[in-house]
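Let's walk through this model together, one region at a time. Keep the sequence and the 3D view side by side as you read.

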Amino acid sequence: LKASGFKKSKVIGVGNHLDSLRLKAYFSRQININSSEVHTRVIGEHGDHMVPLLSSTTIGGIPLKYFVKSVDMEVPRLVNRLKKAGNTIISKKGATEYGPSYAISNLISTIITDSHKILTVSNYLEGEIGDVYDVSLGVPAVLSKKGVAMIVPIHMNEYEKNKFYEA
């Protein structure tokens with residue numbers, strides 16, 4: 001961002017978009033439902049400091065905390081699997097080109113088509129989320145032909161806030 005001289009809305013990283021897609025897929029496979037019914041986000045940084053926003057996750061419009069009471073869903077195991085996904089893929093096939101390629105093409109498609117979708121991308125923060133300044137982290141943002149049209153305000157529980165600040 002600083003080297004380019006561009007507006008912050010034009011400097012976008014893949015952030016946690018792939019992590020969010022993976023978590024969505026894990027939940028949908030675990031309970032055998034269409035992934036379009038799962039709404040979840042992972043924020044922060046990619047890797048050990050990623051923060052799944054489980055308090056805001058819904059399945060079929062039902063908050064995750066109520067949904068898991070009626071189905072056999074191992075949320076902690078799925079989150080642990082998510083955090084190790086990249087390393088697991090690399091250990092088995094040597095690289096992770098397909099997932100990142102899909103995530104990047106999805107970002108580009110969203111921008112080119114001016115879709116105004118909310119995707120979790122890395123963007124420079126100036127207090128928009130949790131009073132965090134002067135760092136680029138993965139956060140939900142509306143993407144358009146202008147780049148980041150808006151960083152989406154989010155609700156986090158105390159645990160999620162603490163993990164986001166660690167990131």
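How are H1 and H4 oriented to each other: roughly parallel or roughly perpendicular? Before the answer, a word on the model. It is a predicted one, where local features need pLDDT of at least 70, side-chain atom pairs count only at pLDDT 80 or more, and totals for chains, interfaces and linings use all residues. Residues are numbered from 1 along each chain as its sequence is written, and side-chain values use heavy atoms, with hydrogens and water left out.

Now to the helices. Helices (DSSP runs of H or I, at least four residues) and strands (runs of E, at least two) are numbered from the N terminus. The axes of helix H1 (residues 17-31) and helix H4 (residues 98-112) come within 9 Å and cross at roughly 110 degrees; axes are lines fitted to C-alpha atoms over the stretch in contact, and angles run from 0 to 180 degrees between N-to-C directions. H1 and H4 are therefore roughly perpendicular to each other, a label that covers 65 to 115 degrees. On the H1 side, His-17, Leu-18 and Leu-21 make the contact (heavy atoms within 4.5 Å), while H4 brings residues including Tyr-102, Ala-103 and Leu-107.

Next, follow the strands. S6 and S7 pair in the antiparallel sense over 10 bridges, where pairing takes at least two DSSP bridges between two strands. Glu-126 has Tyr-133 in S7 as its bridge partner. In this hairpin 6 residues lie between the strands, and Gly-127 takes a positive phi near 90 degrees. S7 also runs antiparallel to S8, joined by 4 bridges, and that hairpin has 2 residues between its strands. Ser-144 stands opposite Gly-147 in S8.

The largest nonpolar core has 17 residues, and Val-121, Leu-125, Ile-129 and Phe-164 have the most contacts inside it. Such a core is a set of buried Ala, Val, Leu, Ile, Met, Phe, Trp, Tyr and Cys residues joined through side-chain atoms within 4.5 Å, buried being under 20% relative accessible area with a 1.4 Å probe, protein chains only. Strands S6 (117-126), S7 (133-144) and S8 (147-151) each supply at least two of its residues, with the largest share, 4 residues, coming from S7. Apart from this core lies another, of 14 residues, among them Phe-27, Val-38, Met-50 and Phe-67.

Note on methods:
Buried < 20%, exposed > 50% of the residue type's maximum accessible area, 1.4 Å probe, protein only. Parallel < 35°, antiparallel > 145°, perpendicular 65-115°, else oblique.
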